[in-house]
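Dear colleague,

Please find the structure below, together with a short account of what was found in it.

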Amino acid sequence: ERSGICAIQKKILKEIGYKPEQKEVKKWLRDFKKHHYEISNYICSDFGIKAMYYDSLIMQYCLNELMIKNRNNNQEIIYVLPEHDELLCPRDKVEVVKKQMEAQYRKVMKMALVENGKLDKDEPLPDYIKPVITLG
């Protein structure tokens, strides 16, 4: 948590020219964690780095399935353009890409839960763990 407090202090100093005391930042964090109690154990825990890793795996697996495996199996290659946590694709391929993203999300989330001891490798991923996919 200490490195998080220092990072917050530096960011505020850079943005508005004011460096809050550590005590003040600790209170902000305490209040923030209290308000967001469901995720409080992830705040200032380096979980953001793991989340970015999981996100990159989802994208990597999607690209592999849609472009490489389809080519190797003589299926239609679906060309997609990754942009952060999005895949841009032709309009007529949206449903196929959406299904692939959902499948890879479930695969990566199960792997993450197994790695972190939250789920046995033989257990199915709980139904309440679902991706949020928006089309635009």
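Findings

Asp31 is partly exposed, at a relative accessible area of 37%. Please bear in mind throughout that this is a predicted model.

The partner of Asp31 is Lys27: their side chains meet in a salt bridge, with 2.7 Å from N to O. Lys27 also counts as partly exposed, its relative accessibility being 42%. Both residues belong to helix H2 and are four residues apart, so about one helical turn separates Lys27 from Asp31.

Helix H2, which covers residues 22-35, also packs against helix H1, residues 2-16. Two packed helices are described by the angle between their axes and the distance between the axes. Here the angle is about 105°, and the axes lie 10 Å apart. An angle of 65 to 115 degrees counts as roughly perpendicular, and H1 and H2 are therefore roughly perpendicular to each other. On the H1 side, the contact is made by Ile5, Cys6, Ile8, Gln9 and Ile12. H2 contributes Gln22, Val25, Lys26, Trp28 and Leu29. Sorted by class, this contact of H1 with H2 has seven nonpolar residues, two polar residues and one charged residue.

Lys93 forms a salt bridge with Glu76, in which the closest N and O atoms are 3.0 Å apart. This pair links distant parts of the chain, the two residues being 17 residues apart. Glu76 sits in the loop between helix H3 (47-72) and strand S1 (81-83), whereas Lys93 sits in the loop between strand S2 (86-88) and helix H4 (94-115).

Is Lys93 buried or exposed? At 15% relative accessibility Lys93 counts as buried, because the limit for that class is under 20%.

Lys93 forms a salt bridge with Asp92 as well, the closest N and O atoms being 4.0 Å apart. Asp92 is exposed, with a relative accessible area of 62%. Through salt bridges that share partners, Glu76, Asp92 and Lys93 are joined into one network.

For the structure as a whole, the count comes to five salt bridges. Those described above include Lys27 with Asp31 and Lys93 with Glu76.

With kind regards

Conventions
Residues numbered from 1 in each chain as written. Predicted model: local features only at pLDDT ≥ 70, side-chain atom pairs only at ≥ 80, totals over all residues. Heavy atoms only, no water. Axes fitted to C-alpha atoms, helices over the stretch in contact; angles between N-to-C directions. Parallel < 35°, antiparallel > 145°, perpendicular 65-115°, else oblique. Contact = heavy atoms within 4.5 Å. Nonpolar A, V, L, I, M, F, W, Y, C, P; charged D, E, K, R; others polar. Buried < 20%, exposed > 50% of the residue type's maximum accessible area, 1.4 Å probe, protein only.
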